[in-house]
Amino acid sequence: MVYRITVSYHEKGAFGMNLNIVCIPGDGIGPEIVSEAKKVLDQVADKFGHKISYQDILMGGASIDACGEPLTQEAIATAKAADAVLMGSIGGNTATSPWYQLPPHLRPEAGLLKLRKELNLFANLRPAYLYGELKEACPLRDDIIGSGFDMMIMRELTGGLYFGERSTKEIDGVMTAVDTLTYTEHEIRRIAIKGFEIAMKRRKKVTSVDKANVLDSSRLWRKVVEEVAKDYPEVTLEHMLVDNCAMQLVKDPKQFDVILTENMFGDILSDEASMVTGSIGMLSSASLNDTKFGLYEPSGGSAPDIAGKGIANPIATILSAAMMLRYSFDLDKEADAIEKAVKQVLEEGYRTIDIMPQDEKKRTDVTQIGTAKMGDLIAERI
Ligand code: NAD
């Protein structure tokens with residue numbers, strides 16, 4: 001993977017960057033939400049003196065319809081040559097779409113799994129941030145929420161239990177299933193380095209989550225994380241057992257900054273953390289490899305139930321674009337500007353349908369808008 005960013009002197013007098021971004025609009029609401037993220041990125045480029053070029057590739061159902069497979073080699077090559085990838089979502093209605101009559105390796109999701117593998121994306125980042133304006137979507141008590149919380153779950157994505165050898169066979173007349181949890185020092189070290197790097201851009205605290213009282217893999221995890229921590233003296237490291245972490249996430253989520261953990265623990269904890277923030281339409285995510293390259297996408301799916309209606313919430317994709325600027329391009333000021341603009345639009349009372357207050361009486365305090373209007377308002381406030 002070649003990491004290629006060209007820096008040029010922009011006519012406005014600032015040092016601007018040339019960013020080569022591959023977009024995967026995908027299926028369902030994907031194309032609608034990606035075009036709003038592009039709108040906001042274009043505004044950022046204009047304001048801060050950068051040049052962004054986009055190239056779209058097909059993946060998922062759109063690629064099955066056009067090319068007979070969920071991701072072509074040509075699309076993979078295009079993605080590999082980019083500086084970063086911005087994705088909407090893929091897939092259709094799993095009960096009714098003809099895509100799901102195909103064998104598993106030809107279905108939409110197979111395209112995403114292949115892309116993640118080809119790009120060696122081993123680190124998954126999912127922020128869990130509670131906006132004050134959306135507090136009522138949080139199922140936790142007011143005294144627990146306090147002034148809100150802001151954490152980043154960093155999950156190892158390509159090792160551990162989900163990728164170990166497995167078997168189910170009869171042993172001495174009893175059906176026996178075996179799954180294997182393997183981690184190498186190398187796999188732990190590279191995700192730990194990512195975790196500490198991300199913490200350096202945030203509040204400089206890492207909570208490494210494991211089950212070191214039981215599992216050998218966790219004891220190695222803890223040892224390697226402690227070694228990596230020595231290179232980041234400004235970052236505070238704490239260890240927490242996974243069962244305790246599951247409790248602490250609902251008891252006192254404010255205590256967390258970066259949660260660093262292995263694949264299966266991260267799968268479960270990131271869903272728990274996202275639940276306490278409210279709507280799926282607000283949740284961004286990133287998957288990174290060991291360069292600055294990343295794939296950025298909303299946490300939600302293609303929402304076939306609302307596709308084409310112009311009502312999907314584009315904020316998760318717009319915030320994913322902000323993550324791209326911060327983590328792939330080190331453009332922190334630009335990322336801050338997007339996050340501030342999102343906050344401002346929410347403060348001004350604009351909501352897509354999914355984040356409208358549940359309470360009828362509170363609905364009069366806010367204005368319901370569609371996908372494109374939300375993109376416009378955020379772009380205007382950059
Ligand atoms: P989903 O996330 O697409 O939808 C669940 C619910 O959340 C729906 O009611 C939907 O309308 C709503 N929702 C999701 N995103 C929204 C947004 N931005 N704004 C407003 N509402 C939103 O989950 P699903 O229905 O289980 O899956 C639909 C398809 O998406 C399936 O084919 C699934 O495999 C696929 N999927 C893709 C990805 C991905 O591309 N990474 C992730 C998850 C699911």
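**Notebook: cysteines and rings**

I began with Cys67, which counts as partly exposed at 41% relative accessibility. I note for the record that the model is predicted.

I then looked for disulfides and found zero in the structure. Cys67 is in no disulfide, and the nearest cysteine sulfur, that of Cys23, is 17 Å away.

Next I turned to the rings, where I found three aromatic pairs. In one of them, Tyr183 and Trp221, the ring centres lie 5.8 Å apart and the planes meet at 70°. I recorded this pair as edge-to-face because an angle over 60 degrees counts as such. Tyr183 sits in the loop between strand E8 (174–179) and helix H6 (185–200), whereas Trp221 belongs to helix H7 (residues 216–229); the pair links distant parts of the chain, 38 residues apart. Both Tyr183 and Trp221 are buried.

I examined Phe196 and Tyr232 as well, and this aromatic pair is stacked, with 5.3 Å centre to centre and 20° between the planes. Phe196 is in helix H6 and Tyr232 in the loop between H7 and strand E10 (236–241), 36 residues apart, so this pair too links distant parts of the chain. I found both Phe196 and Tyr232 buried.

Last, I looked up charges over rings. Lys38 lies over the face of Tyr54, 5.2 Å from the ring centre. Arg190 lies over the face of Phe122, at 4.0 Å from the ring centre.

Conventions
Residues are numbered from 1 along each chain as its sequence is written. This is a predicted model: local features need pLDDT of at least 70, side-chain atom pairs count only at pLDDT 80 or more; totals for chains, interfaces and linings use all residues. Side-chain values use heavy atoms; hydrogens and water are left out. A disulfide is a pair of cysteine sulfur atoms within 2.5 Å. Buried means under 20% relative accessible area, exposed over 50%, partly exposed in between (1.4 Å probe, protein chains only). Rings of Phe, Tyr and Trp (its six-membered ring) pair if their centres lie within 6.5 Å; planes under 30 degrees apart count as stacked, over 60 as edge-to-face and the rest as tilted. Helices (H or I, at least four residues) and strands (E, at least two) are DSSP runs, numbered from the N terminus. A charge sits over a ring if NZ of Lys or CZ of Arg is within 6 Å of the ring centre and within 35 degrees of the ring normal.
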